[in-house]
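Please read them with the model open.

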Amino acid sequence: MHLRYGLNIGDHWRDPASGLSRDDFIARIRDAGTALVRVFPGITGKSPAEHWKELAGLLDAIQQSGAAPMIAFPTPQPWNDAEAVRMFSTGCGELVDRSVDRWGQRAVASWFWSIGDEPNSPWTNGGLTFEAYRDIYQTTAEAIRQRLGSAEGRPRIGGPCVDGFQPFWFDWIWRFAEEVDDSLIGFVAWNRYGDWREPAAWSAPTDPEVFERLLLSRTGEYWSRAEAVRALLEGRGILNLCTELNAHSHTDPAISGRFNQGPFGAAYYGAALIDLLRGGADGELLWAGAYDNGPYGALDSLGRPTPTYEAKKLIAQNVRFGDVISFPFDPDPLPDFDGVVASDEVSRRAAVVVHLGRGAAELELGRWPDLSAFSQLTLVGGGNGVRVRTDALQHRLAFDGYGVALLHDGAGV
Amino acid sequence: MIGDGTAPLRPMRLQYGVNESDSWWHFALGPNRQRLWSKLRELDVRIIRMFVFDKHAPDPIADWPSLRAYIQAALNVGATPFLTFAKFRRPFDDPRAVRWFAELCSEIVWSCTEEWGGENVRNWYWCVWNEPNNDWIGGGINFEQYRAVYESVARGVARSLAPWLDGRAPRVGGPSVEGFQPFWLDWVWRLLNEVDNSLIGFVNWHYYAEWRDAGEADAVGDAGTMQNLIIAQAHQFGLRATQVARLLRGRSLLNMCGEWNAHSHYIPAVRARFNQTLFGATHGAAALIQFLRSGIDAEMVWTGTDDACGYGILDPRAEPTSLYYAKLLCARHVRYGDQIRFPLNGKDRREWDAVVSHGPHGRRSIFVVHLRDRPGVLPLRDLEPSLARGGHLIKLDASTYGQPVPLPARTGRIELDGFGVAVVTNELGPEDKA
């Protein structure tokens, strides 16, 4: 298992009225087994000095949680203005300089630096071409690398964080991996949401149940995309990161909130994680972890955990980097269920089972030998609402709706 | 070391196939039809996809003799007809129009049973619609309308075949989705989850790697880069096949890729550059290996016979393209029922892909594709040790002008000039020497 868990910081991190106390923020990130936290400092051609104090505080907190920051630079606007491009690279370089001054080159070289925010999306890119993006990337990445010094291995710089709804999203990934100076690439990044349409719009199903089931069926895309990118990168030492994921990307909370933040969101995210594990991805970053007052946050505007957060925490704490993993349902699949079994080299062993149905369902665990020897069950959703409950586990695993279950023996969990 | 000569063997269950569509007249009634059939027989074509209402197909009412000849041509090849009922030009949400279309389809099935016998026709494939998820091709039908058409047509087919089915489901399927659309897999899921499964025998999906020419609509401008990008996406055939297979788990339904090729540009001369050249042969060979690896049940290249359409593997005179020859090498040396395995993994598969086949009486072959447009050498020692000690090499690359040429085997390795295909086998038939 080589998946790094992560999350994005939402768009409201500068808003003093939003979010969590500093200590709660650090605890929430740490508890979710977070290795990467992606932050958008807002460099679009201006100096980072304007918000440096707040940003430095945020980066301090992220590091105290044990996670590495991923600094997300978008692309300059307008992209075809040489002066804007120069200012953008200068601003990115200044942020690296400030970071090195504050935390030291060694620490900062362990961070991740992403360049480009869905540059393939005609909705937001202003006509940006791949060729122009490549030039911006190489200029900016070179500026960052110079400041990070000669760390061992590849610099932790990457892109292009493609919008996964675009039909030719893979073109950008392939061209990035093939056409950019190889020494400037540490990771390849892509974003993927399950849907952007509200039910009944743009040929989406009208029936709410069909819409939900269909949305859940698309978690297989995390496997196929991770696998497609993995095949392109295998043997090159470049990481394969899903930099944004969630069930629904509609900006209206009334439409997408219930898909991202309720028990449905927990089940979707759990299934997506299992498919990313299956596809061999090196990292995932939920959109969004905190500081998102809209329909995406795993923590709500008051910092309270949603079922999606609880599912993330449960999985990340028990399916860990370096574990040996297997997928018990692959040889004997069952509709509406997926799962992963993880164990370390000593004695810790746990299984995650995701229920992808809105109704009640039971599993006779004896049918899957890898699932049959656990004594305890911890459940998110599945009839519990937001609560997380631990019970003794018998031979049957019962869900009352969407849910994520951890099967374990108590020790080390 | 390149390859794993101990990768597990498994049975080969892929039915090779072709489409016979816009150029059906040459295939069915043209002066070279016998040669065309012979060429297709050499490809071990077991399934031929055809159209009844669309793609300039003969009118089933006004010109039954032509439709009969079209179907008979497929039977003469030795293939099972796969008849696509698409499409009608009345309002899709008009129940009377749907009923009329379903009855028409049902009458065609019944006519086929009268012509060829129900005991034979019951094993044919009947596909409802073509690319309904693409407004240009499918006519602007939405899924709810499609579902109503599907169920109505499928029931009509079942009714016509009922005397011969012995309670078995008819081989009706859909939705023949167009693979460029972002939510293409939704149509497969909805068919499987919203239609009575007793009316579904197979799922059919389509995939082309590209529809844009170099530099068009944000596509990469350099022709060589575009070729490399298209080749890199041959992996998609396997990924999509597996995605569909996931949806089919627990159901005894066939998983078919009913249309594929490298390029579907709207101008024949443009797509011909990709489909009907050595590049097309290389892409096609890579696709075939992906189909074999994925375990799907059938593939149907778009198309067999082709009169200046920019897709076909045979022209009206039955002259083959390089893709025909690549498919021929695969069909001859990787046969239905063989035991096959895939010896290449990891980064090696960005340069090469291969399938090893073990047939009856000790027949051993390896079918190889070179995915880079630069000279390459592939050692056989770790791929199939029995062939590394000697065998016959058949090579298709630029040096052989895109045709397969048997050569004295250079022990233990395959060398190709650039994009290309090769076979090493211990059993060289007379047809390979021709």
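1. Over all chains of this predicted model, a search of the whole structure gives 56 aromatic pairs. Rings of Phe, Tyr and Trp (its six-membered ring) count as a pair if their centres lie within 6.5 Å; planes under 30 degrees apart are stacked, over 60 edge-to-face, and the rest tilted. Phe88(B) and Trp129(B) are edge-to-face, because their ring centres are 5.5 Å apart and their planes stand at 85°. This pair links distant parts of the chain, 41 residues apart: Phe88(B) is in the loop between strand 4 (80-85) and helix 4 (95-116) of chain B, and Trp129(B) is in the loop between strand 5 (125-128) and helix 6 (135-138) of chain B. Helices (H or I, at least four residues) and strands (E, at least two) are DSSP runs, numbered from the N terminus.

2. Arg90(B) lies over the face of Trp100(B), 3.7 Å from the ring centre. In chain A, the charged end of Arg278(A) sits over the ring of Phe327(A) at 4.8 Å from its centre. The criterion is NZ of Lys or CZ of Arg within 6 Å of the ring centre and within 35 degrees of the ring normal.

3. Strand 11 (residues 352-358) of chain B is largely enclosed by the rest of the structure, because 7 of its 7 residues are buried. Strand 11 of chain B runs antiparallel to strand 10 (residues 339-341) of chain B, with 3 bridges, and antiparallel to strand 12 (residues 364-370) of chain B, with 7 bridges. Pairing requires at least two DSSP bridges. Gln339(B) stands opposite His358(B), and Asp353(B) opposite Val369(B). Strands 11 and 12 of chain B form a hairpin with 5 residues between them, and His361(B) in the turn has a positive phi of about 60°.

4. The largest nonpolar core has 242 residues, of which Phe25(A), Trp113(A) and Trp126(B) touch the most other members. Such a core is a set of buried Ala, Val, Leu, Ile, Met, Phe, Trp, Tyr and Cys residues joined through side-chain atoms within 4.5 Å. A second, separate core of 18 residues includes Phe329(A) and Phe399(A).

5. On conventions, residues are numbered from 1 along each chain as its sequence is written, and chains are lettered from A and ligands numbered from 1 in the order written. Local features need pLDDT of at least 70 and side-chain atom pairs count only at pLDDT 80 or more, while totals for chains, interfaces and linings use all residues; side-chain values use heavy atoms, without hydrogens and water.

How values were computed
Buried means under 20% relative accessible area, exposed over 50%, partly exposed in between (1.4 Å probe, protein chains only).
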